[in-house]
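Q: I would like to go through this model with you, one element at a time. Could we begin with the sheets and then turn to a helix?
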Amino acid sequence: MAQPVLEVKNLHIEFPTRRGVLKAVDDVSFSIAPGEVLGVVGESGAGKSLTGAAIIGLLEPPGRIASGQILLNGQRIDNLPYEQMRTIRGRQIGAIFQDPLTSLNPLYTVGRQLTETIQTHLDLSDAAARDRAVKLLEEVGIPAARERIDHYPHQFSGGMRQRVVISLALAAEPKVIIADEPTTALDVSIQAQIITLLKRLCRDHGTAVMLVTHDMGVIAETADRVAVMYAGRIAEIGPVADVIHKPQHPYTVGLMGSIPEFDSDRERLIQIDGAMPRLDAIPAGCAFNPRCTRVHDRCKRERPDLLPAGVSEAACWLHAGAAR
Amino acid sequence: MNPFVQLNNVSKTFDVSAPWLNRVLERKPQTFLHAVSDVSFDIRRGETLALVGESGCGKSTVARLIVGLYAPSQGSVTVDGQDMKSAAQSTDASRALRRKVQMIFQDPYASLNPRWRVADIVAEPIRTHKLITDPAALDKRVAELLGFVKLTAKDGEKYPHQFSGGQRQRISIARALASNPEFLICDEPTSALDVSVQAQVLNLMKDLQREMGLTYLFISHNLQVVHHIADRVGVMYLGRVVEIGDKREVFGNPQHPYTRMLLDAIPDLKMTGKARTPVAGEVPNPLNPPAGCAFNPRCPKRFAPCDQSRPQTVSFKGRDVACFAAQEATP
């Protein structure tokens with residue numbers, strides 16, 4: 001495998017509260033190669049968005065990185081001072097968020113926001129920056145880009161706004177893009193357009209993407225590898241086809257079974273009873289053990305690390321035998 | 001047997017004109033938004049009819065017309081043999097209808113009063129309709145209702161914020177069931193939930209329907225969920241029902257190009273390698289809909305009459321479709 005462009009090593013994120021320190025992300029490690037799309041799935045509160053926020057250095061206090069490293073091209077970026085991080089954010093790591101309306105400033109035209117971003121990171125004249133902005137808008141498929149560039153965000157539809165946000169993320173040709181639920185706020189027909197666009201852009205530019213979503217369908221179509229997160233930890237990570245067709249962790253099995261499908265006429269969906277534990281009440285041992293159908297003694301005592309399971313890796317004692 | 005709910009050529013128009021003074025000074029005409037146009041369908045007792053479509057297609061407006069939150073601009077809505085318009089004239093009749101028809105909303109965070117205990121939330125419909133007056137019997141009934149949705153009587157002591165999203169949605173279901181309704185309108189009941197929790201709620205809704213013989217109108221934009229829960233499906237586009245029929249017919253062999261487009265746009269979990277067919281264009285502005293068939297600017301099968309006149313709804317192949325191309329193909 002090529003040298004990874006982004007590496008996350010043993011990342012811990014915690015929130016100090018009056019009732020003690022909450023561990024929101026607990027020992028998460030992964031890497032992304034150039035041009036690769038890593039999908040990160042999990043339910044609300046699993047820590048997937050926090051991991052993304054930590055990478056771009058936008059963790060909201062009192063949340064903090066307790067330990068671990070984030071490396072961009074082999075250089076640590078998790079301990080950089082604010083001003084230095086600003087030169088990396090946008091230039092080397094781009095971000096796309098869920099709600100395209102709140103990620104754009106309603107008071108400025110789209111063109112002004114684009115040229116501002118371009119000129120912050122690249123040394124270009126006003127005219128050259130504007131040319132580049134038009135090119136970016138054309139690249140993300142906005143018709144009549146030369147006229148649309150002077151429009152305000154409210155004059156665009158939801159799908160078109162998300163295209164603008166993507167063009168902003170691409171403005172300085174970053175090596176990594178963190179896309180946090182980029183299609184969740186959009187209708188299915190528009191979702192397909194945005195996914196196709198994102199895939200094409202990454203292929204053309206060789207950009208590595210960390211795609212955070214709760215939608216397994218979007219992952220199946222877009223990602224090369226997928227990490228399934230549960231209660232702040234990676235439960236399973238592996239090539240997307242393996243994780244979807246041969247899930248190794250009981251949580252992934254349940255997650256896949258709970259998605260309604262067209263070609264099955266099941267009367268009932270597979271359900272995982274209970275709910276994900278709150279951060280202040282994560283059970284001892286494996287965090288999933290109270291909901292797990294294959295729980296045994298060891299699960300309640302010891303916490304499993306990622307173990308080889310087929311082509312993937314799963315944090316589950318069921319695979320302890322295979323590791324030896 | 002008579003259908004439980006009947007909509008006959010129902011339309012709902014909203015006046016979205018600028019204020020009168022602006023209209024006079026700027027010489028602007030009045031503008032109307034046609035949220036629902038000429039919609040007719042029946043819901044039979046004990047079945048689940050699902051309405052699908054993209055944001056702004058009018059599916060929630062239809063739900064509000066059926067519960068009586070909006071009065072139709074044209075056409076009539078009949079629930080359990082009673083015309084909603086005449087029912088609205090009499091307090092007794094509308095009260096009786098309200099008891100029979102209950103609603104479950106999308107956001108379980110916004111639809112439960114944060115200052116009330118869960119037991120009071122669930123008991124409210126019983127108190128309003130004066131179904132049980134004895135306090136001990138009321139407590140027993142609330143405990144029974146919480147039991148239906150897999151919560152315990154003790155949970156009644158708590159406040160909504162002490163529950164997760166899925167549990168809250170189950171509380172909404174318990175509240176909806178409190179007045180012994182026959183018909184539940186569920187407006188995107190699982191869209192705010194994670195998939196594994198969604199599965200819990202969908203399974204529960206199916207179980208309750210079987211045990212209590214409920215009739216559902218299920219509104220969703222998620223076609224897989226609809227396929228799982230519905231018996232019949234209606235597809236809406238820009239305020240009109242473009243295709244409606246048995247789930248197997250509509251999903252198995254869609255006749256309207258918009259239905260086909262929605263089905264093609266679903267992410268492919270099987271990963272057969274088939275790329276999603278991205279649909280060109282977006283839903284047009286409902287204030288200024290295209291002439292003829294509203295779908296014609298995005299339609300791959302558009303031909304001569306499509307931008308001239310609006311297709312009539314025609315029954316064939318076990319469903320009702322409003323499309324010239326589909327009608328042409330099957331004479």
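**Sheets and a helix**

A: Strand S4 (residues 64-72) of chain A pairs with S5(A) in the antiparallel sense over two bridges. Please keep in mind that this is a predicted model.

Q: What is the bridge partner of A:Leu72 in S5(A)?
A: A:Leu72 has A:Gln75 as its bridge partner there.

Q: In what order do the four strands of the open sheet in chain A come?
A: The order is S2-S1-S4-S5, and the pairing is antiparallel. The edge strands are S2 (20-32) and S5 (75-76) of chain A, each of which pairs on one side only.

Q: What holds paired strands together in general?
A: Strands of a sheet pair through backbone hydrogen bonds, in either a parallel or an antiparallel manner.

Q: Which strands of chain A does helix H1 lie across?
A: Helix H1 (residues 48-55) of chain A lies across S1 (6-17), S2 and S4 of that chain. H1(A) runs at about 110° to S1(A).

Q: Moving to chain B, what is the strand order in its open sheet of four strands?
A: In chain B the order is S2-S1-S4-S5, with antiparallel pairing. Strands S2 (32-43) and S5 (82-83) of chain B stand at the edges with a single partner strand each, so one side of each has no neighbour in the sheet.

Q: How many bridges join S1 and S4 of chain B?
A: Strand S1 (residues 5-15) and strand S4 (residues 74-79) of chain B pair over five bridges, in the antiparallel sense. Among the bridge partners are B:Val5 and B:Val79, the latter in S4(B).

Q: Which helix lies across S1, S2 and S4 of chain B?
A: That is helix H2 (residues 59-67) of chain B, which runs at about 65° to S2(B).

Q: Now for H6 of chain B: how far apart are its end C-alpha atoms?
A: They are 20 Å apart. Helix H6(B) has 14 residues (135-148), and at 1.5 Å a residue it should span 20 Å, so the two values agree.

Q: Which residues of H6(B) are buried?
A: B:Val142, B:Leu145 and B:Leu146 are buried. Viewed down the axis of H6(B), the buried residues fall within an arc of 100°, so they line one face of the helix.

Q: What covers them?
A: The cover of the buried residues of H6(B) includes helix H5 (118-128) and helix H7 (165-177) of chain B.

Q: And which exposed residues does the face turned away from the buried side carry?
A: That face of H6(B) carries B:Ala136, B:Ala137 and B:Gly147.

Q: Which residue with a positive phi follows H6(B)?
A: H6(B) is followed by B:Lys150, whose phi is near 65°.

Technical notes. Residues are numbered from 1 along each chain as its sequence is written. Chains are lettered from A and ligands numbered from 1 in the order in which they are written. This is a predicted model: local features need pLDDT of at least 70, side-chain atom pairs count only at pLDDT 80 or more; totals for chains, interfaces and linings use all residues. The expected span of a helix is 1.5 Å times one less than its number of residues. A residue is buried if 20 or more other C-beta atoms lie within 10 Å of its own, exposed if 12 or fewer, and partly exposed in between; C-beta atoms are placed from the backbone. The arc is that of the directions from the helix axis to the C-beta atoms. Two residues are in contact if their C-beta atoms, placed from the backbone, lie within 7 Å. Two strands pair if DSSP finds at least two bridges between them. Axes are lines fitted to C-alpha atoms, for helices over the stretch in contact, and angles run from 0 to 180 degrees between N-to-C directions.
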